[in-house]
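Please read it alongside the sequence and the model.

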Amino acid sequence: MKPLAGITVVTLEHAIAAPFATRQLADLGARVIKVERPGVGDFARGYDERVNGLASHFVWTNRSKESLTLDVKHPEARTILKRLIAEQADVVVQNLAPGAAARLGLSYEALSAEKPEIIVCDISGYGNDGPYRDRKAYDLLIQGEAGFLSVTGTEETPSKAGPSIADISAGMYAYSSILAALIQRGKTGRGQHLDISMLESLVEWMSYPLYYAYDGATPPARAGASHATIYPYGLFPAGDGKTVLLGLQNEREWAAFCSIVLRQPGLASEERFSSNFRRNAARDELRGIIVEAFSTLTAEDVIARLDEAKIANSRANDMHDVWDHPQLKARDRWRTVETERGSIPALLPPGSWEEGDPRMDAVPALGQHTDAILTALGYAPDRIESLRAEKAV
């Protein structure tokens, strides 16, 4: 039995933050009913066609869900949604435009008045109040507001993170907060209102650079793939054109790096490199020495020496390398999920289960479960067809 079996989540969601949160609830066995606009659905369905004609973002964040199409501006569709929540929902999640859920009568205040045990999770860019409440909030914009761009990239050029980390961080805090609210409800019988802000989620992840710049101190510099304050740490080219990542943490590792990796043991005792502070100050000079030493070696040669010296290292993999990563294969982390366009591989959620796998059911087609959900609510087939003709579903 999955941990959240018997829990029903009704979600009005799009893009990444809310879908990522609710997919993880589905992984744990929750029934997740995804309410989508008829004919269009979650706009992330149209982001690209890279996975057998389906969107990469969508197949990642929406497996194991049911898709119910409702035009929530249609009076009957709104009635259906409220009935569904009243009769079946334990949790309501939404990341609509600010104020939209409240206008639909889906605020915590409105829902909890009729159903005190309901948990309502609102996910937005800036939260449900404050001067930024009504601002549009895309992932890149939040990366800027949270200061992420100020510490990421090269000295000359700020860079956004490749994945949508503002959305992902908000999705993770929504997920963990919903789990906590379910535990609390089990103790008190009452629900909870959760207000998840993308800005606050990402600023939490920025706390190390924030504290580094505490009380007017100089913030960490953008250092590309290097570390802003530790050296050597980052990407280094080998002689075969490939790249190796490595990182040193202490003076023992520095001595081993000089003697075993660089084959220059005397370097360790030179005053200009005698502490991390000095190595960081002389990083351009030290990088030249390292690059020259690596220029006659292949990446595998460098990695072998680093392993011998017990210095942390990795390869700079691209996406094709990750699909074939030997560690993921050795730990049997890949499964298969179904879609309307056939089977696709999917990575097990992080963490290992003693008994069985997390739930990994199909990615739903748009409106795939509408008839079944409406039938369970008591709608006859002819009435469902009438609603479809009215474009209410």
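Buried means under 20% relative accessible area, exposed over 50%, and partly exposed in between, with a 1.4 Å probe and protein chains only. The model is predicted, so local features need pLDDT of at least 70 and side-chain atom pairs count only at pLDDT 80 or more, while totals for chains, interfaces and linings use all residues. Residues are numbered from 1 along each chain as its sequence is written, and side-chain values use heavy atoms, with hydrogens and water left out.

**Overall**

- The protein chain has 18 helices and 11 strands; helices (H or I, at least four residues) and strands (E, at least two) are DSSP runs, numbered from the N terminus.
- The C-alpha trace spans about 85 × 50 × 40 Å along its principal axes.
- The accessible surface of the protein chain is about 20000 Å², and carbon and sulfur atoms hold 53% of that; accessible areas come from the Shrake-Rupley method with a 1.4 Å probe, and for residues only the protein chains shown count as cover.
- Contact means heavy atoms within 4.5 Å. Among contacts in the protein chain with a separation of 6 or more, 66% are between residues 24 or more positions apart.

**Nonpolar cores**

- A nonpolar core is a set of buried Ala, Val, Leu, Ile, Met, Phe, Trp, Tyr and Cys residues joined through side-chain atoms within 4.5 Å.
- The largest nonpolar core has 34 residues, and Val 9, Val 93, Cys 121, Ile 123 and Ile 178 have the most contacts inside it. At least two residues of this core come from each of helix H1 (17-27), strand S4 (91-94), strand S5 (119-124), helix H8 (165-188), strand S6 (192-197) and helix H9 (198-205). H8 gives the most, with eight residues.
- Leaving out residues up to four places away in sequence, Val 93 touches Val 9, Val 10, Thr 11, Leu 12, Ala 18, Thr 22, Cys 121, Ile 123 and Ile 178.
- A second, separate core has 29 residues, including Ile 33, Ala 77, Val 92 and Leu 387.
- Ile 196 is in strand S6 and counts as buried because its relative accessibility is 8%. Beyond four places in sequence, the contacts of Ile 196 include Cys 121, Ile 123, Ala 170 and Tyr 173.

**Cysteines**

- Cys 121 counts as buried because its relative accessibility is 0%, and Cys 258 is buried at a relative accessible area of 0%.
- The structure holds zero disulfides, a disulfide being a pair of cysteine sulfur atoms within 2.5 Å.

**Strands**

- Two strands pair if DSSP finds at least two bridges between them.
- Strand S1 (residues 8-12) runs parallel to S2, joined by five bridges; Val 9 has Val 32 in S2 as its bridge partner.
- Strand S2 (residues 31-36) is largely enclosed by the rest of the structure, because five of its six residues are buried.
- Strands S10 (residues 334-339) and S11 (residues 342-347) run antiparallel and share six bridges. They form a hairpin with two residues between them, in which Val 337 stands opposite Ile 344.
- Thr 69 belongs to strand S3 (residues 65-69) and is buried at 8% relative accessibility. Apart from neighbours within four places in sequence, Thr 69 has contacts that include Glu 36, Arg 37, Leu 366 and Val 393.

**Helix H11**

- The buried residues of helix H11 (residues 251-261) are Glu 253, Trp 254, Ala 256, Phe 257, Cys 258 and Val 261. Their cover includes strand S8 (243-247), helix H12 (276-281), helix H13 (283-294) and helix H14 (299-308).
- Arg 263 follows H11 and has a positive phi, near 60 degrees.

**Backbone exceptions**

- Most residues other than glycine have a negative phi, and most peptide bonds are trans.
- The peptide bond from Tyr 231 to Pro 232 is cis, with omega near 0 degrees; Pro 232 lies in the loop between helix H10 (207-212) and strand S7 (233-237).
- Asp 215, not a glycine, has a positive phi of about 55 degrees. Asp 215 lies in the loop between H10 and S7 and is exposed at 71% relative accessibility.
- Asp 332, not a glycine, also has a positive phi of about 55 degrees. Asp 332 sits in the loop between helix H16 (326-330) and S10 and is partly exposed at 47% relative accessibility.
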